[in-house]
Amino acid sequence: MARQVNSQRNQEEAVIDLAWPNEAWSDVTKEIFHQLNAGTENGDWTRHPGYLRTGERRLYCRNISEQGKGFEYAIFINKREQRATCVCQFGPYLEGPPSHVHGGAVATMLDTVMGTCAYNVLEGFHLTANLNINYKKPVRLGSTAIFLAKVDKQENRKAYLSAYVTSADGSTTLCDATSLFVQLSQEQMEKAKKYLPQDSHND
Ligand SMILES: CCCCCCCCCCCC(=O)SCCNC(=O)CCNC(=O)[C@H](O)C(C)(C)COP(=O)(O)OP(=O)(O)OC[C@H]1O[C@@H](n2cnc3c(N)ncnc32)[C@H](O)[C@@H]1OP(=O)(O)O
């Protein structure tokens, strides 16, 4: 019975778009979200919905279901400019160095923002082949950061992206990163298709 209820809950949760402010978001995070969301009014930017995934699966950066304890974020895409911007608030379950965010958690958001950028602005499905990060400043736990990613160039199946992470007020660069995403071949895509979320427009 528990499993049935659990899977029912999962089904219900799986359709909740989490890329919206909730009461765990600080005023700073909400304010940045609304600034970014205002860019969707003229159609230049679109907000990327954020779902858990369906059934038992969980998208890694959506899998801490206690609000505010993990990654609280929303990603916005500018297809024409091949860019993505993300506002992210890092919860207390993401600790690395005392009272600071684990470097792997920052890497997760960089991989996700660049991957979401590639997924939305380029043809085909891309996987991360290489991700290089320079950590310039520690990120305080509970703080809000802004991720800015863009596609720099494409060569055949290769897409080269870069990104940087700033403090909420934009005054401090916390990280910069480069990555290589490789588009899956038709054959690889056929194999991967069965694993894609049914509504595969989401992260
Ligand atoms: C649902 C909505 C979600 C939408 C939202 C998505 C959000 C989540 C995003 C998360 C993204 C991830 O974490 S993805 C998960 C982490 N990544 C992975 O698991 C990928 C594992 N690696 C692989 O599967 C493979 O190595 C591939 C697919 C990357 C490439 O293999 P392949 O297809 O055989 O191609 P291959 O010939 O090896 O490489 C193609 C070209 O790329 C070059 N290349 C390959 N790897 C590298 C490399 N590390 N550094 C330099 N160059 C490289 C090759 O030299 C070659 O250049 P040339 O000879 O053509 O010049």
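At 30% relative accessibility, S99 counts as partly exposed, a class that falls between buried (under 20% relative accessible area) and exposed (over 50%), with a 1.4 Å probe and protein chains only. S99 sits in the loop that links strand 3 to helix 3, and although S99 is not a glycine, its phi is positive, at about 65°. The structure is a predicted model, in which local features need pLDDT of at least 70 and side-chain atom pairs count only at pLDDT 80 or more, while totals for chains, interfaces and linings use all residues. Residues are numbered from 1 along each chain as its sequence is written, and side-chain values use heavy atoms, with hydrogens and water left out.

Turning to the overall layout, the chain has four helices and seven strands, taken as DSSP runs (H or I, at least four residues, for helices; E, at least two, for strands) and numbered from the N terminus. Their order along the sequence is α-α-β-β-β-α-β-β-β-β-α. Of the 203 residues in the chain, 42% are buried. Contact is taken as heavy atoms within 4.5 Å; among contacts between residues at least 6 apart in sequence, 68% join residues at least 24 apart.

The strand pairings come next, where two strands pair if DSSP finds at least two bridges between them. Strand 5 and strand 6 run antiparallel and are paired over 10 bridges. They form a hairpin with two residues between the strands, and N156 there has a positive phi near 55°. Strand 6 is in turn joined to strand 7 by nine bridges, again in the antiparallel sense, and K158 stands opposite V182 of strand 7. This hairpin has five residues between its strands, and G170 in the turn shows a positive phi of about 80°. Strand 7 also pairs with strand 4 (residues 126–135), antiparallel and over nine bridges; here T128 has F181 as its bridge partner in strand 7.

Seven of its 10 residues are buried, so strand 6 is largely enclosed by the rest of the structure. A163 belongs to this strand, and A163 counts as buried because its relative accessibility is 7%. Leaving out residues up to four places away in sequence, A163 touches L110, M114, L148, A149, D176 and A177. H48, by comparison, is 115 residues from A163 in sequence, and their C-alpha atoms are 18 Å apart.

In soluble globular proteins, nonpolar side chains tend to be buried together. A nonpolar core is here a set of buried Ala, Val, Leu, Ile, Met, Phe, Trp, Tyr and Cys residues joined through side-chain atoms within 4.5 Å. The largest such core holds 35 residues, and F71, Y73, F90, M109 and F147 touch the most other members. At least two residues each come from strand 2 (71–78), strand 3 (83–90), helix 3 (103–121), strand 5 (144–155), strand 6 (158–167) and strand 7 (173–183). Helix 3 makes the greatest contribution, with nine residues. Beyond its neighbours within four places in sequence, F71 is in contact with C61, C88, Q89, F90, L94, A105, T108 and M109.

Lastly, the surface was searched for pockets on a 1 Å grid over the protein atoms alone, a pocket being an open set of points where a 1.4 Å probe fits, with protein on both sides within 12 Å along at least five of seven lines, and lining residues having an atom within 4 Å of a point. The second largest pocket has a volume of about 290 Å³, counted as the space filled by probe spheres set on the points, which are joined across faces, edges and corners. Its lining comprises 21 residues, with L18, I64, S65, Q67 and E72 nearest the centre. By class, nine of the lining residues are nonpolar, six polar and six charged, where Ala, Val, Leu, Ile, Met, Phe, Trp, Tyr, Cys and Pro count as nonpolar, Asp, Glu, Lys and Arg as charged, and the others, Gly among them, as polar.
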